[in-house]
Amino acid sequence: LPVLGICNGFQILCEARLLPGALIRNEHQRFVCRDQDLVVESTRTAWTASLTPGETLTIPLKNGEGGYVADEATLDRLEDSGQVVFRYTGGNPNGSARDIAGVSNERGNVVGLMPHPEHAVEPGFGPRGARGPRDGVDGLRLFTSVLSTLVRT
């Protein structure tokens, strides 16, 4: 079954060794709360199967301990195996290694993501979108993607 760990859930998945790496205090030692652009790096997970590699999503980011870290060998392995799922673009908000915002396990059924897609699922409550303030619903696409994948299987 697909698993998604968001923010502290991402931390827990790393601490439980279900995902590689760890999350540490933001590089600048401050809490960050802003709309963040992410590039989709991998579509081999149920959460991203309906997305397009290279497309940009705008997702709210809210964290104080969001700096993703791992040793160089692990980072290289994640890059080579397509396990980097999302990457920050337009600036790295927390000092994450290689601008990584989300990763998956080797099988691709467990994904950890620091930004909050659940805060971008309903017009009027999300980030700025194409039509104006608070109408962004890019986060909804992760949830419709996983539902589509589950219905097909």
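What follows is a conversation about how features of this predicted model get their names.

Colleague: Why is Glu 55 called buried?

Modeller: Its relative accessibility is 18%. Buried means under 20%. Therefore Glu 55 counts as buried.

Colleague: Where does Glu 55 lie, and which residues is it in contact with, leaving aside neighbours within four places in sequence?

Modeller: Glu 55 sits in the loop between S3 and S4. With those neighbours left out, Glu 55 is in contact with Leu 38, Val 39, Val 40 and Arg 141.

Colleague: Why is Cys 7 called buried?

Modeller: Cys 7 has 8% relative accessibility. The limit is under 20%, so Cys 7 counts as buried. Cys 7 belongs to the loop between S1 and H1. Its phi is positive, about 55 degrees, although Cys 7 is not a glycine.

Colleague: Arg 98 has a positive phi of about 55 degrees too, and is not a glycine. Is Arg 98 buried, exposed or partly exposed?

Modeller: Arg 98 has a relative accessible area of 29%. Buried means under 20% and exposed over 50%. The value falls in between, so Arg 98 is partly exposed. Arg 98 is in the loop between S6 and S7.

Colleague: How do you know that the buried residues of H2 share one side?

Modeller: The buried residues of H2, residues 72-80, are Thr 74, Leu 75 and Leu 78. They cover an arc of only 100 degrees around the axis, which puts them on the same side of H2. In general, an α-helix has 3.6 residues a turn, so residues three or four places apart point the same way.

Colleague: What is on the other side of H2, and what do the buried residues pack against?

Modeller: Glu 72, Ala 73 and Asp 80 are exposed on the other side of H2. The buried residues of H2 pack against strands S5 (67-69), S6 (84-89) and S7 (100-104).

Colleague: What makes Asp 71 a cap of H2?

Modeller: One of the side-chain oxygens of Asp 71 lies 3.1 Å from the backbone nitrogen of Ala 73. The limit for a polar contact is within 3.5 Å. So Asp 71 caps the N-terminal end of H2. After H2 comes Gly 82, with a positive phi near 75 degrees.

Colleague: How do you know that the buried residues of H1 lie on the same side?

Modeller: Phe 10, Gln 11, Leu 13 and Cys 14 are the buried residues of H1. Their arc around the axis is only 165 degrees, which puts them on the same side of H1. The face turned away from that buried side carries the exposed residues Ile 12 and Glu 15. The buried residues of H1 pack against S1, strand S2 (22-24), S5, S7 and S8. Just after H1, Arg 17 has a positive phi of about 65 degrees.

Colleague: What makes S1 and S4 edge strands?

Modeller: The open sheet has 6 strands in the order S1-S8-S7-S6-S3-S4, with mixed pairing. S1 (3-6) and S4 (56-63) each pair on one side only, and these are the edge strands.

Colleague: How do you know that S3 pairs with S4 and with S6?

Modeller: Two strands pair if there are at least two bridges between them. S3 and S4 have 8 bridges, so they pair, in the antiparallel sense. In S4, Thr 56 is the bridge partner of Val 39. S3 (residues 32-40) and S6 are joined by 4 bridges, so they pair as well, and they run antiparallel. In S6, Thr 89 is the bridge partner of Asp 37.

Colleague: Which residues touch the most other members of the largest nonpolar core?

Modeller: Phe 10, Tyr 68 and Phe 86 do, in a core of 33 residues. S6 gives the most to this core, with 4 residues.

Colleague: Which residues does Phe 10 touch, not counting residues up to four places away in sequence?

Modeller: With those left out, the residues Phe 10 touches include Gly 5, Leu 19, Tyr 68, Val 103 and Met 114.

Notes. Residues are numbered from 1 along each chain as its sequence is written. This is a predicted model: local features need pLDDT of at least 70, side-chain atom pairs count only at pLDDT 80 or more; totals for chains, interfaces and linings use all residues. Side-chain values use heavy atoms; hydrogens and water are left out. Buried means under 20% relative accessible area, exposed over 50%, partly exposed in between (1.4 Å probe, protein chains only). Helices (H or I, at least four residues) and strands (E, at least two) are DSSP runs, numbered from the N terminus. The arc is that of the directions from the helix axis to the C-beta atoms. Contact means heavy atoms within 4.5 Å. A polar contact is a pair of N or O atoms within 3.5 Å; within protein, one must be able to donate a hydrogen and the other to accept it, and residues adjacent in sequence count only if both atoms are side-chain atoms. A nonpolar core is a set of buried Ala, Val, Leu, Ile, Met, Phe, Trp, Tyr and Cys residues joined through side-chain atoms within 4.5 Å.
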